[in-house]
Amino acid sequence: MSTDIHDIMEFSKQFLFHPSTVSSIVPSSKILSSKIIDSVNLSDAKIVLELGCGSGAITGDIVSSLSAEAVFVAFDVNQTFTEIVKQKYPGVIVINDLAENIEKYMKRYSMDRADIIISSLPWAAFSRVTQIRLARIIYRILRPGGRFLTYSYLHTFAFPSHNRFRKILNKRFKMIEISGAVWANLPPASVIKCIK
Ligand SMILES: C[S@@+](CC[C@H](N)C(=O)[O-])C[C@H]1O[C@@H](n2cnc3c(N)ncnc32)[C@H](O)[C@@H]1O
């Protein structure tokens with residue numbers, strides 16, 4: 001399902017109310033979403049998590065790439081967004097909570113470690129403590145060989161908080177690939193793929 005004009009307007013409104021957590025004025029573009037989805041083999045994954053699903057710009061592409069047996073859970077701290085995603089994708093488990101609390105829900109749904117975690121979390125806006133805490137949780141809940149995908153906006157590359165996040169990833173993951181710039185996104189971004 002594509003992102004319609006209503007979703008874009010609601011997204012921009014949420015950005016005005018919560019600029020630091022929403023972090024972009026419009027949802028991710030179809031091209032950025034495809035770049036993320038094409039970097040992993042979702043059809044073989046049994047457990048997939050999305051952190052920061054927003055209004056579902058990437059969620060729809062994840063859903064259409066999954067096998068029928070896969071369990072997919074999407075998180076967002078913003079209740080307006082989780083309501084939109086629940087309505088658009090009734091088969092998805094959508095949780096309105098901080099990604100920091102993900103392990104509680106994995107226990108609740110008797111989920112094993114994840115094969116793939118796709119994150120839109122605004123890493124450059126997080127404090128050092130939050131970056132370390134979240135990176136530790138993500139690493140812990142990912143199975144060995146599992147993939148963690150995220151993206152950074154190009155303008156944040158100049159921020160110390162972005163460099164700190166990259167160093168945190170480098171310390172934990174055995175392999176990290178950074179894509180070329182995806183210019184067809186507002187703001188332009190680069191996809192980061194980490195292999196545990
Ligand atoms: C850049 S937006 C991306 C939204 C959507 N995935 C997209 O690509 O259009 C980041 C999203 O992360 C959510 N978010 C920020 N911090 C969060 C946290 N600690 N836990 C869960 N969601 C969070 C925001 O509410 C927002 O929806």
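Keep in mind that the model is predicted.

Let's start with helix α7. It covers residues 128-141. That is 14 residues, and at 1.5 Å a residue they should span 20 Å.

Which residues of α7 are buried? They are Q131, L134, A135 and I138. Look down the axis of α7, and these buried residues fall within an arc of 100 degrees, so they line one face of the helix. What do they pack against? Three elements: β4 (114-119), β5 (142-153) and α8 (160-172). Now turn to the face of α7 that points away from the buried side. There you find the exposed residues V129, R136 and R140.

Last stop, L186. Find it in the loop between β6 (175-182) and β7 (189-195). Is L186 buried, exposed or partly exposed? Its count is 14 other C-beta atoms within 10 Å, so L186 is partly exposed. Now compare positions. L186 and I176 are 10 residues apart along the chain, and their C-alpha atoms are separated by 24 Å. Set aside the neighbours within four places in sequence, and L186 is in contact with S24, I25 and V26.

Technical notes. Residues are numbered from 1 along each chain as its sequence is written. This is a predicted model: local features need pLDDT of at least 70, side-chain atom pairs count only at pLDDT 80 or more; totals for chains, interfaces and linings use all residues. Helices (H or I, at least four residues) and strands (E, at least two) are DSSP runs, numbered from the N terminus. The expected span of a helix is 1.5 Å times one less than its number of residues. A residue is buried if 20 or more other C-beta atoms lie within 10 Å of its own, exposed if 12 or fewer, and partly exposed in between; C-beta atoms are placed from the backbone. The arc is that of the directions from the helix axis to the C-beta atoms. Two residues are in contact if their C-beta atoms, placed from the backbone, lie within 7 Å.
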